[in-house]
Amino acid sequence: MTVIEGNKDEAMRCIDIAVQALTEGKLEKAEKFLLKAEKLFPTEKAKTLLSKVKSFPSNGGSAGGSSSNRGGESEPDGVRKRKNSDSRNAEPDYTAEQMEAVRKVKKCKDYYEILGVTKTSTDSEIKKAYKKLALQLHPDKNRAPGAVEAFKAVGNAAAILTDPEKRKQYDLYGINESHSGGGGGGNGGMRNGYYASDFGYSRGFQADVSAEEIFNMFFGSGFPQQNVYMRTNRRRQQREERENQSSSSALINLLPILVLIGLSMMSSFFISDPIYSLTPSHKYSVKRETNSLKIPYYVKDNFYSEYQGSVGRLEESVEEDFINHLKLSCSRERNYRDSMLAKARSFGDRDLFRKAQNINMPSCENLQKYLNT
């Protein structure tokens, strides 16, 4: 930074002090700092304020004649001159090293340069660099012009580079040059008195917490844990919410299928095996006959101990099922014979006709036998 820029910053600080003095009614102090601002770096703002201060009647021309204090009582010339002399000779309340630390941050063009680290630096190295700079630039310790903005820039850089996801995005996309405070004339990353890292870099890569909160987090002094957790984990929570919503949607879509499966499983508990079977099997291995038609049927091994109904009615059901089964089989046999006869007539085939007439129909014969019983 050039000497002129340093004088400009000091002049702006003097103007701010003068404005504060005016609000407190300290006209002499306001005039003193406005004159000092004019000497360091002349500005239109300082000239305008200075003319207003001199126009106040109570001032009475502080450069020459007597001056009035806040209470309206005149001070001796010796006391006033001694005060003016002390004010002129008073040294700034910051050191050259502190001013240099601020200037170094002003010259930086990216977060890595602000912290004095590289893209290969580890998380612990970045945190170590931040702690060192934060102690140098904290407003409670460093009163140099621009220290507040530099402190914010350092905190924002640490917040971005210690967050793996934000650091990755920052490394991929870099800085939008139209937002950075480049410009000409050796501004060192400044525009209109602000750091590029304060308004340029942070537009696309801004920390979720303030510079003071970052400082408290690193130095362990009452960091608002709940707020920090909510802000630093907001993206993770949103991602989890989206995943939960997707899972809920999938479950809702599968719900009808699950209901059908459940109903089929429940129905299997209520449907019991038949008491008997007309054909033998591994499950129905005990043979029995009905009393009336002597029709064979088969039951389970535990039939005698488990079945508590009427055996007579059971055998009536057996005979009815058996007769119906014979009727169905007989109907199929007749249909087959009739189709063969029709085919023989169509082709005039006597041999086929004779063969069709002699087709065996055992089901029909058995049915006739049981019906005549």
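This passage describes the fold, the surface and selected side-chain contacts of one protein chain.

The structure is a predicted model, in which local features require a pLDDT of at least 70 and side-chain atom pairs count only at pLDDT 80 or more, whereas totals for chains, interfaces and linings use all residues. Residues are numbered from 1 along each chain as its sequence is written, and side-chain values use heavy atoms, with hydrogens and water left out.

The chain contains 18 helices and 5 strands, these being DSSP runs numbered from the N terminus (helices: H or I, at least four residues; strands: E, at least two). Of its 373 residues, 32% count as buried, where buried means under 20% relative accessible area, exposed means over 50%, and partly exposed lies in between (1.4 Å probe, protein chains only). Contact is taken as heavy atoms within 4.5 Å, and among contacts between residues at least 6 apart in sequence, 57% join residues at least 24 apart.

The C-alpha atom of aspartate 16 is separated by 9.4 Å from that of alanine 30, although the two residues are 14 residues apart along the chain. Alanine 30 is among the buried residues of helix H2, which also include Leu27, Glu31, Phe33, Leu34, Ala37 and Glu38. Helix H2 (residues 27–40) has 14 residues and should span 20 Å at 1.5 Å a residue, which agrees with the 20 Å between its end C-alpha atoms; the expected span is 1.5 Å times one less than the number of residues.

A nonpolar patch on the surface is formed by Leu251, Leu254, Leu255, Ile257, Leu258, Val259, Leu260, Ile261, Leu263, Met265 and Met266, which together have about 1100 Å² of accessible area. Patches are made of residues with over 30% relative accessible area and no salt bridge, like charges being joined within 9 Å and nonpolar side chains (Val, Leu, Ile, Met, Phe, Trp, Tyr) within 5 Å. One of the patch residues, leucine 254, is found in helix H14 (residues 234–270) and counts as partly exposed at 46% relative accessibility.

A salt bridge is defined as a side-chain nitrogen of Lys or Arg within 4 Å of a carboxyl oxygen of Asp or Glu, and by this rule the count comes to 9 salt bridges. One of them joins the side chains of aspartate 123 and lysine 127 at 3.1 Å, N to O; both residues lie in helix H7 (residues 123–137), 4 residues apart, or about one turn of the helix. Aspartate 123 is partly exposed, with a relative accessible area of 32%, and lysine 127 is likewise partly exposed, at 34%.

Another salt bridge is formed between aspartate 273 and lysine 300, with their closest N and O atoms 3.1 Å apart. Aspartate 273 lies in the loop between H14 and S3 and lysine 300 in the loop between strand S5 (296–299) and helix H15 (303–306), so the pair ties together parts that are 27 residues apart in sequence. Aspartate 273 counts as partly exposed at 41% relative accessibility, as does lysine 300 at 22%.

The side chains of glutamate 315 and arginine 288 also meet in a salt bridge, at 3.7 Å, N to O. This pair links distant parts of the chain, 27 residues apart, with glutamate 315 in helix H16 (residues 311–347) and arginine 288 in strand S4 (residues 286–289). Both glutamate 315 and arginine 288 are buried. Elsewhere, salt bridges that share partners join Asp273, Lys283 and Lys300 into one network.

Glutamate 315 is also touched by threonine 290, whose other contacts include Ile295, Tyr297, Val318 and Glu319, when residues up to four places away in sequence are not counted. Threonine 290 lies in the loop between S4 and S5 and counts as buried, because its relative accessibility is 0%. Its side chain reaches the backbone nitrogen of isoleucine 295 at 2.9 Å.

Definitions and conventions:
Areas by Shrake-Rupley, 256 points an atom, 1.4 Å probe, with all protein chains shown as cover. Polar contact = N/O pair within 3.5 Å; in protein donor to acceptor, adjacent residues only side chain to side chain.
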